[in-house]
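Please keep the viewer open as you read.

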Amino acid sequence: MVTTFIALIKTVRPRQWLKNLTIYAGLVFSARLFNLEDFSAVTQAFIFFSLATSAIYIFNDLVDAPKDRLHPFKKKRPIAAGTLSVQLATVIGILFILTALFCSFILSQRFFLAVVAYLILQFSYMYYLKEIIILDVIAIASGFLLRIYAGIWVIGTHVNIWFLLCVVSFALFIAIGK
C-alpha cells in the first residue's frame with residue numbers, strides 16, 4: 001500500500017506544479033495580491049489546475065509506458081516499472097480530470113474553459129503535436145499562456161499586453177530550450 005502511494009506521488013509529479021504558480025501572475029500584476037477573496041479564488045484555481053496537470057502526467061505515462069521501458073531513466077517511472085498498476089493509474093487519472101473539471105466549473109466558467117483548453121492541448125500534444133517540432137514548441141508555450149489566462153479569468157481582471165508579450169517570449173524560450 002505504501003509502495004503504491006509513493007508510486008502514485010511520483011507519477012503525479014508535484015514538483016511540476018511549480019509551473020502552475022504562473023496562475024498567480026494576473027493577481028500580482030493587477031495589484032490584487034492582497035485581496036483575500038481574489039487570492040482565495042486563485043489558490044483554488046492553482047489546486048484544480050494542478051489536479052488537471054497531474055492527470056495529464058498519469059495519462060502521458062500510460063501512453064508512453066512501452067517506450068519508457070526501453071529508456072535508461074524513464075524505465076524507472078512507476079507505470080513503466082510496474083510499481084503502479086495501469087488500472088489504478090487510469091482510475092486516478094479519470095478522477096483527477098473529473099474533479100478538476102467539476103470544481104473549475106463551480107469556481108468560474110471562464111476558468112473552466114481554460115482548463116478544458118489545457119486538457120485538449122495536452123492530449124493533442126501527447127498523441128500528435130510532440131512529433132512535429134514547431135508544434136511541439138508552440139504547444140509548450142501555449143500551456144504557459146493558458147495558465148496565465150486561467151489566473152486572469154478566475155478573478156475577472158486584465159493585464160498589460162506587454163506583460164503577455166513577455167510571457168509568450170519567455171514561454172517560447174523555455175520550450176525551445178526543452
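Contact here means heavy atoms within 4.5 Å, and helices are DSSP runs of H or I with at least four residues, numbered from the N terminus. This is a predicted model, in which local features need pLDDT of at least 70 and side-chain atom pairs count only at pLDDT 80 or more, while totals for chains, interfaces and linings use all residues. Residues are numbered from 1 along each chain as its sequence is written, and side-chain values use heavy atoms, leaving out hydrogens and water.

Let us begin with helix α1, residues 2-12, where Ala 7, Leu 8, Thr 11 and Val 12 are buried (under 20% relative accessible area, with exposed over 50% and partly exposed in between, for a 1.4 Å probe and protein chains only). Seen down the axis of α1, these buried residues fall within an arc of 130°, so they line one face of the helix; the arc is that of the directions from the helix axis to the C-beta atoms. Their cover includes α3 (36-68), α4 (78-81) and α5. On the other side of α1, Val 2, Thr 3, Phe 5 and Lys 10 are exposed. After α1 comes Arg 13, with a positive phi near 50°.

| Residue | Helix | Relative accessible area |
|---|---|---|
| Phe 39 | α3 | 34% |
| Val 91 | α5 (residues 86-107) | 46% |

Val 91 and His 158 are 67 residues apart in sequence and 37 Å apart in space, C-alpha to C-alpha.

Terms used
Helices (H or I, at least four residues) and strands (E, at least two) are DSSP runs, numbered from the N terminus.
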